[in-house]
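Subject: Handover of a structure and notes on what was found

Dear colleague,

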Amino acid sequence: MYINTGLTNLDGIYILASYFENKDIESILTNTTGQYLNIALIILSIGYLFKVASAPFHFWSPDVYDAIPTIVTTFVAIVAKISIFIFLLELVHYTSQFIFEFSWINILLISSFLSLIIGTVGGLVQPRIKRLLAYSTISHVGFILLALTINSIESIQAFIFYLMQYSISNINIFFILIIIGYSLIYYNKISTYNKLVDKYNSPIQLISQLQGYYNINPILSLSLAISIFSLAGIPPLIGFFAKQWVLLAALQGGYYFIVLIAVLASVVSAVYYLHIVKTIFFDESEYVRKEGLENVYLSSSLSLTISVLTIIILLFILSPKEWLSIASVLALTLTI
């Protein structure tokens with residue numbers, strides 16, 4: 001990009017892209033600067049798609065999620081992705097009308113399509129909870145990229161709202177997994193997991209470790225189930241409305257085929273989400289409290305955090321105006 005345009009400043013790149021927006025396609029295709037700028041944006045977007053673990057650049061994500069401590073996984077799964085997506089939102093908005101036979105925006109659409117399929121299918125065979133959540137994230141990245149690609153006011157609102165609900169649901173899930181893991185230290189299990197690697201930094205590694213946890217802590221189990229249902233897009237939770245908003249924006253933009261794929265992906269992904277819920281509530285518990293142990297209590301700060309996040313996910317339908325207004329204001333701020 002620098003060699004062919006002399007620019008490293010984003011504002012300068014946006015001005016150059018706007019110059020080509022006002023040209024006809026023949027003059028753009030014969031302009032080498034415009035061609036190189038389009039190629040540079042394609043290569044740049046591939047690098048960022050790798051960082052957000054979007055298919056087909058997702059291969060590092062499941063292994064990294066599973067290998068690092070759970071609290072670090074929380075940061076990698078949420079904060080790092082949000083910062084990159086916000087940058088991509090600005091980049092797409094100011095260069096999306098940069099017309100070529102193959103625009104760099106098409107890379108995002110292709111990646112969205114592959115992420116929906118790979119994230120859904122890959123999660124069906126995962127016995128490890130963080131690997132499953134990694135594939136779940138890949139599937140959600142597909143929805144986010146779909147909203148990003150459309151680049152209308154409605155899709156930008158859907159994009160911002162989806163990021164908000166994705167962050168809330170995932171933070172709640174990872175916090176609960178951390179708490180469940182450390183609470184089970186005070187219980188013995190008939191099928192022991194003493195051979196698990198890094199069990200002190202990641203106490204919960206297998207889905208089977210959650211068997212019958214409802215019998216130990218019903219409230220925490222219900223909070224986890226609500227967050228999981230939200231990720232699955234079960235109404236009337238906040239995750240359902242986020243997916244609905246993205247799909248409506250895609251339908252308005254004429255992306256009928258990928259909307260069909262997204263709907264099918266949501267239905268299929270419900271299989272592995274419901275498997276976690278079934279394991280927690282309906283499988284027989286093998287945990288036995290250690291002798292002489294009193295009840296285990298959560299700290300007030302953790303209890304308050306999880307309670308607030310769960311209430312937001314559960315009761316969004318009763319007061320959606322504030323969240324929708326935030327997304328609308330942020331979208332209008334960018335587009336004006």
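A residue is called buried when its relative accessible area is under 20%, exposed when it is over 50%, and partly exposed in between, with a 1.4 Å probe and protein chains only. The accessible areas themselves come from the Shrake-Rupley method with a 1.4 Å probe, and for residues only the protein chains shown count as cover.

Please bear in mind that this is a predicted model, in which local features need pLDDT of at least 70 and side-chain atom pairs count only at pLDDT 80 or more, while totals for chains, interfaces and linings use all residues. Residues are numbered from 1 along each chain as its sequence is written, and side-chain values use heavy atoms, with hydrogens and water left out.

Of its 336 residues, 51% count as buried, and the accessible surface comes to about 15,500 Å², of which 67% belongs to carbon and sulfur atoms. If contact is taken as heavy atoms within 4.5 Å, then among contacts between residues at least 6 apart in sequence, 78% join residues at least 24 apart.

The structure holds three salt bridges, a salt bridge being a side-chain nitrogen of Lys or Arg within 4 Å of a carboxyl oxygen of Asp or Glu. In one of them, the side chains of Arg131 and Asp63 meet at 2.6 Å, N to O, and this pair links distant parts of the chain, with Arg131 in helix α8 (residues 129-150) and Asp63 in helix α5 (residues 61-67), 68 residues apart. Arg131 counts as buried because its relative accessibility is 18%, whereas Asp63, with a relative accessible area of 46%, is partly exposed.

Another salt bridge joins the side chains of Asp66 and Arg128, again at 2.6 Å, N to O. Since Asp66 lies in helix α5 and Arg128 in the loop between α7 and α8, the pair ties together parts that are 62 residues apart in sequence. Here Asp66 is buried at 16% relative accessibility, and Arg128 is partly exposed, with a relative accessible area of 22%. Asp283 also forms a salt bridge, with Lys278, the closest N and O atoms being 3.1 Å apart; Asp283 counts as buried at 18% relative accessibility, while Lys278, at 39%, counts as partly exposed.

Turning to helix packing, helix α6 (residues 70-95) and helix α9 (residues 153-183) pack at an angle of about 175°, with their axes 9 Å apart. Axes are lines fitted to C-alpha atoms, for helices over the stretch in contact, and angles run from 0 to 180 degrees between N-to-C directions. That angle makes α6 roughly antiparallel to α9, a label used for angles over 145 degrees. Among the residues that meet there are Phe85 and Leu89 of α6, and Phe174 and Phe175 of α9.

Finally, a nonpolar surface patch of about 650 Å² is made by Ile117, Val121, Leu124, Val125, Val263, Val267, Val268 and Val271. The elements that give two or more residues to the patch are α7 (105-122) and α12 (256-281), and α12 gives the most, with four residues. Patches are made of residues with over 30% relative accessible area and no salt bridge: like charges are joined within 9 Å, and nonpolar side chains (Val, Leu, Ile, Met, Phe, Trp, Tyr) within 5 Å. Val121 is found in helix α7 and, at 51% relative accessibility, counts as exposed.

With best wishes

How values were computed
Parallel < 35°, antiparallel > 145°, perpendicular 65-115°, else oblique.
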